[in-house]
Amino acid sequence: MVTQETGKKHYHKKPVMKTPPEPISLYAVIKELSDEEREKLYTDYGVEEMAEIFSNEETMKTVDCFLENGMNVCLAARKLYMHRNTLNYRLNKIRRVCGLDLRIFDMAVTFRIMRVLYETKTR
């Protein structure tokens, strides 16, 4: 569409969703699984072997901050009041222990699912 005043083209933007959908609770999704399905995932993913990581409060605080800040190392390090190399060291340590690099989205999601499985089993 060309406006008469400027002679420039105006493109109409698609309307933006006014209210975003509610986030899906991973806990709610896992809770809907049968006990057998949860146990199978727990065993197949080797969640028990990751208890050392999941039970370490400082490590989980680091992971939570990293994920809450969009997997942005610089931003998470700033919020944790640490050098980004320290954060990278911690992320590398997690990768060495469990084989998941949390800087890769799919691996971060897998880690999160494993953590929820661990927490639902240990509660």
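**Ground rules.** I am working with a predicted model, where local features need pLDDT of at least 70, side-chain atom pairs count only at pLDDT 80 or more, and totals for chains, interfaces and linings use all residues. Residues are numbered from 1 along each chain as its sequence is written, and side-chain values use heavy atoms, with hydrogens and water left out.

**The whole chain.** I found 7 helices and 0 strands in the protein chain. Helices here are DSSP runs of H or I with at least four residues, strands are runs of E with at least two, and numbering starts from the N terminus. Of the 123 residues, 28% are buried. I also looked at contacts, meaning heavy atoms within 4.5 Å. Among contacts with a separation of 6 or more, 49% join residues 24 or more positions apart.

**Aromatic rings.** I noted 2 aromatic pairs in the structure. One of them is F54 with Y118, whose ring centres are 5.3 Å apart with planes at 35°, so this pair is tilted. It connects distant parts of the chain: F54 belongs to helix α3 (residues 51-54) and Y118 to helix α7 (residues 105-122), 64 residues apart. The rule I used is that rings of Phe, Tyr and Trp (its six-membered ring) pair if their centres lie within 6.5 Å; planes under 30 degrees apart are stacked, over 60 edge-to-face, and the rest tilted. Y118 is buried too, at a relative accessible area of 13%. With F111, F54 and Y118 make up one aromatic cluster.

**R115.** My next stop was R115, also in helix α7. R115 counts as buried because its relative accessibility is 11%. Leaving aside residues up to four places away in sequence, R115 touches F54, M60 and D64.

**Charges over rings.** K121 lies over the face of Y42, 4.6 Å from the ring centre. R96 does likewise over Y89, at 5.9 Å. I counted a charge as over a ring if NZ of Lys or CZ of Arg is within 6 Å of the ring centre and within 35 degrees of the ring normal.

**Helix α2.** Helix α2 (residues 35-44) is hardly covered, with 1 buried residue among its 10. Just after α2, I spotted G46 with a positive phi of about 65°.

Definitions and conventions: Buried < 20%, exposed > 50% of the residue type's maximum accessible area, 1.4 Å probe, protein only.
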